[in-house]
Amino acid sequence: DGRFHDFIGDIASLGIGVKSLVGNIQSGNTRAAIGDGVGITKEAAASVTTWNNWFANNTKITVFNEFQLFENVKLLKGGWNSGSFYGCTNLTEISLPQSITELGSCCFMNSANLVFDVDLPLLAKANSAPFHGSGIRRILNLGNMVTIPSKQSSGGHTFAGNCKNLE
């Protein structure tokens, strides 16, 4: 009745999609990686340890709760005007992996519609202005960080300055 052939086709498609996503992520081919996530397996997501600037200035992404499946991500890359989720102006929801140990500079900067709580039990380092101008609501857990960095970056931006939802 054709269901078996459809099933085999679905498996082949899934395998190609996962290989494409992981290959594009590992090679830094960000344009091709965005949108490749359909059908990614938990095992493939777990192979990623550094989250680069793949979504920087992406105004199309709105929800990324699947991010928690990338359970071995240690570093969210940063950079002025190019942090991991910098300028994701339409991003409203994200579930962070608990494995994150370092936040790069400006990684959530200017993502003001992203309303979330920061719960990073393994965090050991945060570079300048990771949440400046974002929609963070509460800081629940910063892991091994004893104090929140208050020093301003060269651009005058602080760890979580200009966050209107911060309680």
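Does Ser134 count as buried or exposed, and at what relative accessibility? At 2% relative accessibility, Ser134 counts as buried, where buried means under 20% relative accessible area, exposed over 50%, and partly exposed in between, computed with a 1.4 Å probe on protein chains only.

The views below show a predicted model, in which local features need pLDDT of at least 70 and side-chain atom pairs count only at pLDDT 80 or more, whereas totals for chains, interfaces and linings use all residues. Residues are numbered from 1 along each chain as its sequence is written, and side-chain values use heavy atoms, with hydrogens and water left out.

**View 1. Overview of the protein chain.** The secondary structure of the protein chain comes to 3 helices and 8 strands, helices (H or I, at least four residues) and strands (E, at least two) being DSSP runs numbered from the N terminus. Read from the N terminus, the elements follow the order α-α-α-β-β-β-β-β-β-β-β. Of the 167 residues of the chain, 40% count as buried. Among contacts between residues at least 6 apart in sequence, 52% join residues at least 24 apart, a contact meaning heavy atoms within 4.5 Å.

**View 2. Ser134 in the loop between S7 and S8.** The side chain of Ser134 reaches the backbone oxygen of Phe131 at 2.8 Å and the backbone nitrogen of Ile136 at 3.4 Å. These are polar contacts, that is, pairs of N or O atoms within 3.5 Å, of which, within protein, one must be able to donate a hydrogen and the other to accept it, while residues adjacent in sequence count only if both atoms are side-chain atoms. Not counting residues up to four places away in sequence, Ser134 touches Phe108, Asn110, Ser111, Ala112, Leu114, Asn162 and Cys163. The loop between strand S7 (125–126) and strand S8 (135–141) also holds Ala129, a residue other than glycine whose phi has a positive value, near 55°. Ala129 is buried, with a relative accessible area of 2%.

**View 3. Ser111 in the loop between strand S5 (102–103) and S6.** Ser111 is buried, its relative accessible area being 0%. Leaving aside neighbours within four places in sequence, Ser111 is in contact with Phe85, Tyr86, Gly87, Cys88, Gly133, Ser134 and Gly135.

**View 4. Ser84 in the loop between strand S3 (75–76) and S4.** With a relative accessible area of 0%, Ser84 is buried. A polar atom of the Ser84 side chain lies 3.4 Å from the backbone oxygen of Asn52. Beyond residues up to four places away in sequence, Ser84 touches Trp51, Asn52, Asn53, Phe55, Ala56, Leu76, Lys77 and Cys107. Ser84 and Cys107 are 23 residues apart in sequence, yet their C-alpha atoms are 4.7 Å apart in space. Asn81 lies in the loop between S3 and S4 as well, and its phi is near 65°, a positive value in a residue other than glycine. Asn81 is partly exposed, with a relative accessible area of 36%.

**View 5. Aromatic rings around Trp51 and Phe55.** Rings of Phe, Tyr and Trp (its six-membered ring) pair if their centres lie within 6.5 Å, and planes under 30 degrees apart count as stacked, over 60 as edge-to-face and the rest as tilted. By this rule the count comes to 17 aromatic pairs. The rings of Trp51 and Phe55 have centres 5.7 Å apart and planes at 10°, so this pair is stacked. Both Trp51 and Phe55 are buried. Ring pairs link Trp51, Trp54, Phe55, Phe64, Phe67, Phe70, Phe85, Phe108, Phe116 and Phe131 into a cluster.

**View 6. Thr49 in the loop between helix H3 (42–46) and strand S1 (50–51).** Thr49 counts as partly exposed, at 44% relative accessibility. Not counting residues up to four places away in sequence, Thr49 touches Asn72, Val73, Lys74 and Leu75. The C-alpha atoms of Thr49 and Leu75, 26 residues apart along the chain, are separated by 7.0 Å.
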